[in-house]
Amino acid sequence: MPTLLCIDTFTREPFRGNAAGVCLVDDAAAFPESRMQSIAAELRLSETAFVAPQGDGFSLRWFTPTQEVLLCGHGTLASAHALWSTGALDPETPARFSTRWKGALTARRIDGPNTTVAVDFPAARSTRVDTPPGLEAALGTTIVAVGSNDLHHVAEVADEATVRALAPDRASLLAVTDVEAVTVTARSDDPEFDFVSRYFAPRHGIVEDPVTGSAHTSLGPWWAEQLGRTKLVGHQVSRRSGVVRVRVGEPASDRVTIEGDLVTVWQGELLA
């Protein structure tokens with residue numbers, strides 16, 4: 001039977017951070033797209049990852065309750081942790097994933113007092129653009145700067161208090177043309193963190209994502225440029241909240257390492 005896990009990511013405490021479903025399967029052919037989508041809809045987590053052996057590594061796909069997505073950061077960290085914790089892969093062996101977006105991703109386990117995983121991702125560097133019409137009204141606040149990349153938009157606002165107070169109108173966000181998802185960010189007031197953020201993706205069936213690893217592939221380069229350093233700590237200030245550590249490579253390398261802690265909440269077998 002396929003193994004199914006729920007893993008809270010970017011947290012050291014259960015029921016915090018972002019919960020990812022991970023389904024470990026022996027044969028990808030037994031899991032057509034329709035079945036994966038049905039399982040993700042049943043679980044109702046922000047994303048469910050499906051992992052199957054492929055060559056010398058594993059294939060990896062991610063589904064929200066309504067659709068497949070190009071990239072899921074927390075689902076990737078959780079998938080690596082699931083392989084190591086179930087014995088499907090030796091913890092000393094890096095987890096290599098083949099994906100449909102920009103090729104392979106490699107995860108490694110970091111030794112320490114907590115369960116920590118680091119994944120090397122392509123950087124989603126943003127191009128500064130004009131604020132899309134209707135975005136400020138949908139978010140209910142003034143935007144300082146906007147960036148666009150191949151995953152989402154980045155909207156920088158004045159301060160942390162503004163990020164925390166956001167109460168976007170879902171219908172208005174859906175009506176903003178060409179904005180699939182938006183990560184709203186500002187500098188952190190807390191010296192423990194470099195920046196704060198929240199992430200909204202109603203077109204993907206996610207009103208607000210608790211902690212978004214993929215968003216930090218763009219937030220890392222965004223703030224590295226402004227703050228003048230390549231090692232950063234982000235605090236996603238959703239209700240569940242979570243901490244994402246980011247290492248930004250040189251612009252020529254076009255890579256970002258996303259690091260976070262994880263906690264397995266439950267594990268079982270898929271019967272259907």
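A salt bridge is counted here wherever a side-chain nitrogen of Lys or Arg lies within 4 Å of a carboxyl oxygen of Asp or Glu. By this criterion, a search of the whole structure finds 14 salt bridges. The structure is a predicted model, in which local features need pLDDT of at least 70, side-chain atom pairs count only at pLDDT 80 or more, and totals for chains, interfaces and linings use all residues. Residues are numbered from 1 along each chain as its sequence is written, and side-chain values use heavy atoms, with hydrogens and water left out.

Helices (H or I, at least four residues) and strands (E, at least two) are DSSP runs, numbered from the N terminus. Helix α2 covers residues 73–86, and its 14 residues should span 20 Å at 1.5 Å a residue; the expected span is 1.5 Å times one less than the number of residues. The C-alpha atoms at the ends of α2 are 20 Å apart, in agreement with that value. Burial is judged by relative accessible area: buried means under 20%, exposed over 50%, and partly exposed in between (1.4 Å probe, protein chains only). Twelve of the 14 residues of α2 are buried, so the helix is largely enclosed by the rest of the structure. Among them are G73, H74, L77, L83 and W84. After α2 comes G87, which has a positive phi, near 85°.

Side chains of opposite charge can pair when their charged atoms come close. E33 is partly exposed, at 44% relative accessible area, whereas R61 is buried, at 16%.

A salt bridge also joins the side chains of E68 and R100 (3.7 Å, N to O). Here strand β5 (residues 68–69), which holds E68, is linked to R100 in the loop between β6 (95–98) and β7 (104–110), 32 residues apart. E68 is partly exposed at 24%, and R100 is exposed at 58%.

In the pair R229 and D194, the closest N and O atoms are 2.2 Å apart. R229 sits in the loop between α6 (216–227) and β15 (231–236), and D194 in the loop between β12 (182–187) and β13 (195–201), so the pair ties together parts 35 residues apart in sequence. R229 is partly exposed, with 39% relative accessible area, while D194 is buried at 15%.
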